[in-house]
Amino acid sequence: MKTVDPQKLIEWRRHFHQFPEPGWTEFVTTGTLIHLLREMGLEVKAGPAILRRESIMGRNEAEVQRAIETARQRGISQALLDEMDGLTGCMATLDTGKPGPTLGFRFDIDCVYVHESDEENHQPHQQAFNSCRPGLMHACGHDGHTAIGLGVASWLAENRDRLSGTFKLIFQPAEEGVRGARPVCDSGVLDDVDYFMALHLGCNLKTGEVMLDPQDFLCTTKLDITFKGEPAHAGSDPEKGHNALAGACLAATQIMAAPRHSAGMSRVNVGVLRAGEGRNVIPATAEMQIEVRGQTDEITSWLNDYVERCVQGAATIHQLTACTEKTGEAVNFRNDAEMVDMMQGIIRKHPDLSVHERSIGGSEDASLMVRRVQAHGGKAIYFIVGASQPAGHHKAKFDIDEKALTIGLTLFTEGLQTLLFRDQR
């Protein structure tokens, strides 16, 4: 089998690192991917062909329109923008024309709201591939995931004559905030997938360490709350006001006091509270951003109900209206044992790799894809590849050991070969 030059993976990763785009605005990234994937000879579908528009959550239309204009300025053609139809993400397909299984792969492409470090010892700054967008950064490794995805695509294109079956490579938007997987799942593009694979780089593992069966991923719901009251002058007629800030503060303290659940891990956090117009005005509006997490669907649903009671109770006390919007979600999941066993066999062939397992306690929207594939009779695995990052995820000095790119690509390509061989038997 032909291989992919590791230097090419590094070039791709550094290219995407320089122009990070947050969820639902990845028009430059998507346009670049479509161009590269079609150059490799793969069929590519974009935007509405792989996303169910009605399932989209947490999308700011004003930001989307600004991002489309930015994409035009950066050379993304109008034809490509029309094809995307206001939606980001794409799926590359290789149909070998030979009988065989359908394999699906997921690579997330969005960035986070972090301002990248300009310290001399920060490798992207040192080697001049740091983010050119203040306040935005690939501080979670998605630039590396995108590069690995292109590596898988290149490998498939180079070896297509020796392969069988069909391969779907999903470059998913809006993973941050767990917003992008649901629209992909609801589009149905995963429903014929026999084997599904996804990875994450980093997660505080060293290069060469691989977590094949991460434990305790939590279900989560992201909620935006809006309180609306009545303004009034705080000095002359405060009794005429309905204080949205007071209502939001009451709700926040009650939400943070949620009892933990005896059936498993439970988490709740009020991460943002914004309110008020001026020091001498009774605040008429307040906004809160909340997340809940639970070890099971039932615990998460219980927490969601608790939050809503706190919100509506506070609104009633302070004579406010309150609106709750779900802006993201993920579920818990378990890898299929046969997929884990298969990957363990591959790792045993590489003395520089080792398996490390531990509890995660976070959330990941690939969980929805894993469950979707499994619900339709397929097998799935989500694994983590260590990258010896110098700082934690979502931090200004986050970076990855680029040797991890080749490790991730190797695990994907050797995994798919093992699956094809097993299926042919």
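**Loops, helices and rings**

User: Is Gly97 buried or exposed?
Analyst: The relative accessible area of Gly97 is 64%. Exposed means over 50%, buried under 20% and partly exposed in between, with a 1.4 Å probe and protein chains only. That makes Gly97 exposed.

User: What pLDDT do side-chain atom pairs need to count here?
Analyst: Residues are numbered from 1 along each chain as its sequence is written, and side-chain values use heavy atoms, with hydrogens and water left out. This is a predicted model, where totals for chains, interfaces and linings use all residues, local features need pLDDT of at least 70, and side-chain atom pairs count only at pLDDT 80 or more.

User: Back to Gly97: how far is its C-alpha atom from that of Leu163?
Analyst: Gly97 lies in the loop between strands S2 and S3 (102-108). Helices (H or I, at least four residues) and strands (E, at least two) are DSSP runs, numbered from the N terminus. Gly97 and Leu163 are 66 residues apart along the chain, and their C-alpha atoms are separated by 9.4 Å.

User: Which residues does Thr93 contact, beyond its neighbours within four places in sequence?
Analyst: Thr93 is found in strand S2 (residues 90-95), and its relative accessible area of 14% makes it buried. Contact means heavy atoms within 4.5 Å. With those neighbours set aside, the contacts of Thr93 are Leu42, Glu43, Thr166, Phe167 and Lys168.

User: How are H1 and H2 oriented, roughly parallel or roughly antiparallel?
Analyst: Helix H1 (residues 6-18) packs on H2 with axes 11 Å apart and an angle of about 155 degrees. Axes are lines fitted to C-alpha atoms, for helices over the stretch in contact, and angles run from 0 to 180 degrees between N-to-C directions. Under 35 degrees counts as roughly parallel, over 145 as roughly antiparallel, 65 to 115 as roughly perpendicular and the rest as oblique. So H1 and H2 come out roughly antiparallel.

User: Which H2 residues does H1 meet?
Analyst: H1 passes H2 in a right-handed crossing; a crossing is right-handed if the near helix is turned clockwise from the far one by less than a right angle, and left-handed if anticlockwise. On the H1 side, Trp12, His15 and Phe16 do the meeting, and their partners in H2 are Thr29, Thr32, Leu33 and Leu36.

User: And at what angle do H2 and H6 pack?
Analyst: H2 and H6 are roughly parallel to each other, and H2 passes H6 in a right-handed crossing. Here Leu33, Leu36 and Leu37 in H2 meet Thr146, Leu150 and Ala153 in H6. The axes of H2 (residues 27-39) and H6 (residues 142-158) are 10 Å apart, and the angle is about 20 degrees.

User: What does Ser154 touch, not counting residues up to four places away in sequence?
Analyst: Ser154 is part of helix H6 and counts as buried at 16% relative accessibility. The residues touched by Ser154 are Val4, Trp12 and Met40.

User: Switching to rings, why is the pair Phe217 and Phe333 stacked?
Analyst: Rings of Phe, Tyr and Trp (its six-membered ring) pair if their centres lie within 6.5 Å, with planes under 30 degrees apart counting as stacked, over 60 as edge-to-face and the rest as tilted. By this rule there are eight aromatic pairs. Phe217 and Phe333 count as stacked because their ring centres are 5.1 Å apart and their planes are at 25 degrees.

User: How many residues apart are Phe217 and Phe333?
Analyst: Phe217 sits in the loop between strand S6 (209-211) and strand S7 (219-228), while Phe333 sits in the loop between strand S10 (321-330) and helix H10 (337-348). Phe217 is buried at 6% relative accessibility, and Phe333 is buried too, at 9%. The pair links distant parts of the chain, with a separation of 116 residues.

User: What sort of pair do Phe217 and Tyr382 make?
Analyst: Tyr382 is in strand S12 (residues 379-385), so pairing with Phe217 ties together parts that are 165 residues apart in sequence. Tyr382 counts as buried at 2% relative accessibility. With the ring centres 5.6 Å apart and the planes at 90 degrees, the pair is edge-to-face.
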